[in-house]
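Subject: Model for you to look at

Hello,

Here is the structure I promised to pass on. Please open it first, then read my notes below.

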Amino acid sequence: MAKYLILFIFSSLSFVYNASASEGIIVVANTADKSIKLNRQQVRNLFMGGAVPYELEAISLPSDNQTRVLFNTKVVGLTESRIQSYWAQMRFTGRKRAPKEMDSENLVLEYLKNNEGAVGYLPAGISVPDSLTVVYTIQ
């Protein structure tokens, strides 16, 4: 019995380690200027329609995507319902448009590769081609 308990504890610890290792987020851009680095506030502004010093088009994931949930929590600092409420208000007043949504991380990566000036967030463990630039990282 003790052998199974020890095996269960090690399996649980392994799961916790893998879950925490995959919770990092990177923000990737297709830009000619490879020296661009953004801070958290600039990334937040970019994805919430605020002013940023670069001409970038934000690309987002669907609201039920785990990477989006982490991004909203760690970068935007709002829940999905508050973000949806914000965008509904912006659409109603005609002031801002929500970022274009792609159905998966792979589609975001493909869109970024084919569209200069596009920027999106992805899980930290994903392989990023050399043509794209990581402009922000959060663990």
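Two strands pair if DSSP finds at least two bridges between them. Helices (H or I, at least four residues) and strands (E, at least two) are DSSP runs, numbered from the N terminus. This is a predicted model: local features need pLDDT of at least 70, side-chain atom pairs count only at pLDDT 80 or more, and totals for chains, interfaces and linings use all residues. Residues are numbered from 1 along each chain as its sequence is written, and side-chain values use heavy atoms, with hydrogens and water left out.

The sheet

Strand E2 (residues 57–60) and E3 run parallel and are joined by 2 bridges. Ser60 has Glu101 as its bridge partner in E3. Ile59 stands opposite Lys100 in E3. E2 also runs parallel to strand E4 (residues 118–123), with 3 bridges between them. There, Ile59 has Gly120 as its bridge partner.

The whole sheet is open, with 5 strands in the order E3-E2-E4-E1-E5 and mixed pairing. Strand E3 (100–101) and E5 are at the edges with a single partner strand each, so one side of each has no neighbour in the sheet.

The chain overall

The protein chain has 5 helices and 5 strands. From the N terminus, the elements run α-β-α-β-α-α-β-α-β-β. Of its 139 residues, 37% are buried (under 20% relative accessible area; exposed is over 50%, partly exposed in between; 1.4 Å probe, protein chains only). Contact means heavy atoms within 4.5 Å. Among contacts between residues at least 6 apart in sequence, 71% join residues at least 24 apart. The chain exposes about 8,500 Å², and carbon and sulfur atoms supply 55% of that. Accessible areas come from the Shrake-Rupley method with a 1.4 Å probe; for residues, only the protein chains shown count as cover.

Two residues

Thr133 is in strand E5 (residues 133–138). Thr133 counts as buried because its relative accessibility is 6%. Leaving out residues up to four places away in sequence, Thr133 touches Val27, Val28, Ala29, Thr31, Lys34 and Ile36.

Arg40 is in helix H2 (residues 40–47). At 35% relative accessibility, Arg40 counts as partly exposed. Beyond residues up to four places away in sequence, Arg40 touches Lys74, Val75, Val76, Gly77 and Tyr136.

Pockets

A pocket here is an open set of points on a 1 Å grid over the protein atoms alone, where a 1.4 Å probe fits, with protein on both sides within 12 Å along at least five of seven lines; lining residues have an atom within 4 Å of a point. Grid points are joined across faces, edges and corners, and a volume is the space filled by probe spheres set on the points.

The largest pocket holds about 260 Å³ of space. It has 14 lining residues, and Leu46, Leu56, Glu57, Ala58 and Arg97 are the closest to its centre. The lining divides into 8 nonpolar, 2 polar and 4 charged residues. Ala, Val, Leu, Ile, Met, Phe, Trp, Tyr, Cys and Pro count as nonpolar, Asp, Glu, Lys and Arg as charged, and the others, Gly among them, as polar.

The second largest pocket has a volume of about 160 Å³. Of its 15 lining residues, Ser60, Arg68, Ile83, Trp87 and Pro99 lie nearest its centre. Helix H3 (66–76) and helix H4 (80–93) each supply at least two lining residues.

Best wishes
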